[in-house]
Amino acid sequence: MTVASLATSEGAGWPEQLPLLPHPMELLVGLISFGILYWAFAKYVVPRLEELYDKRRAAIEGGIEHAAQAQHEAEEAKAKYEAQLHDARAEAAQIREQARGQGAQIVEEARTKANEEGARLIDSAHKQIEAERQQASVQLRGEVGRLSTDLAGKIVGESLEDEARQRGIVERFLADLESGDVTPTSVGTEAGS
């Protein structure tokens, strides 16, 4: 039995022997509703979804490109930073070496100045000692001359107060003493000989 024969055999209504088949009017309304829904989806929803999909894909691809570019820039910045760090370390090592050299030079200069100052102080001390020795010698000569003229005056019994004469005698005696012509003798030895 076919559907058409069943429809005609029973009359105008839908056969009851085929309960699983939809009623033709329901089928027609369903197909028209499906067509309208399909048209509405195809006209409004699908283009909007396609547009959103394209935007999303573009955003993702742009994000990937942006991330790749950012990573590339980060790698370049890292390489630049490492190069600057290497240069800074090399410069710091160079500065340290220069500082060591300058420190050694400063120490050497200070040592040289200290040696020069020490030599100058020693030379100054020698000069001062020599000057004091000469001053003491002059004072000692004057004192020896005065004592010897007093002693000679007491021995001779006459005054040797004449300063020019006194100075001449003392100078002659000291010159003879320094040249070695006069040897000092003690009073006890002279008396015994």
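Is glutamate 51 buried, partly exposed or exposed, and what is its relative accessible area? Glutamate 51 is partly exposed, because its relative accessible area is 36%, where buried means under 20%, exposed means over 50% and partly exposed lies in between (1.4 Å probe, protein chains only).

1. Basis of the note. This is a predicted model, in which local features need pLDDT of at least 70 and side-chain atom pairs count only at pLDDT 80 or more, while totals for chains, interfaces and linings use all residues. Residues are numbered from 1 along each chain as its sequence is written, and side-chain values use heavy atoms, with hydrogens and water left out.

2. Confidence. The average pLDDT of the chain (the predictor's confidence in each residue, from 0 to 100) is 81, and 80% of the residues score at least 70.

3. Overall architecture. The chain contains four helices and zero strands, and its pattern along the sequence is α-α-α-α; helices (H or I, at least four residues) and strands (E, at least two) are DSSP runs, numbered from the N terminus. Of the contacts with a separation of 6 or more, 19% are between residues 24 or more positions apart.

4. Surface and burial. Of the 193 residues of the chain, 5% count as buried. The accessible surface of the chain is about 16500 Å², and 60% of this belongs to carbon and sulfur atoms; the areas come from the Shrake-Rupley method with a 1.4 Å probe, and for residues only the protein chains shown count as cover.

5. A nonpolar patch. Leu37, Trp39, Phe41, Tyr44, Val45, Val46, Leu49 and Leu52 make a nonpolar surface patch of about 780 Å². Patches are made of residues with over 30% relative accessible area and no salt bridge, with like charges joined within 9 Å and nonpolar side chains (Val, Leu, Ile, Met, Phe, Trp, Tyr) within 5 Å.

6. Aromatic pairs. Two aromatic pairs are found in a search of the whole structure, under the criterion that rings of Phe, Tyr and Trp (its six-membered ring) pair if their centres lie within 6.5 Å, with planes under 30 degrees apart counted as stacked, over 60 as edge-to-face and the rest as tilted. Phenylalanine 34 and tyrosine 38 form a stacked pair, with 6.4 Å centre to centre and 25° between the planes. Both residues of this pair lie in helix α2, four residues apart, about one turn of the helix; phenylalanine 34 counts as exposed at 55% relative accessibility, and tyrosine 38 counts as exposed at 55% as well. Tryptophan 39 and tyrosine 44 form an edge-to-face pair, with 6.1 Å centre to centre and 85° between the planes, and tyrosine 44 is exposed, with a relative accessible area of 53%.

7. Side chains of opposite charge can pair when their charged atoms come close. The whole structure has eight salt bridges, each defined as a side-chain nitrogen of Lys or Arg within 4 Å of a carboxyl oxygen of Asp or Glu. The side chains of glutamate 51 and arginine 48 meet in one of these at 3.5 Å, N to O; because the two residues are three apart in helix α2, about one helical turn separates them. Arginine 48 is partly exposed, with a relative accessible area of 43%, and a network of salt bridges links Arg48, Glu51 and Lys55.

8. Glutamate 117 and arginine 120 form a salt bridge in which the closest N and O atoms are 2.3 Å apart, and both residues lie in helix α2, three residues apart. Glutamate 117 counts as partly exposed at 36% relative accessibility, as does arginine 120 at 45%. Aspartate 123 and lysine 127 meet through their side chains in a salt bridge of 3.5 Å, N to O, and lie four residues apart in helix α2, about one turn of the helix. Aspartate 123 is partly exposed at 37% relative accessibility, whereas lysine 127 is exposed, with a relative accessible area of 55%.

Methods: Contact = heavy atoms within 4.5 Å.
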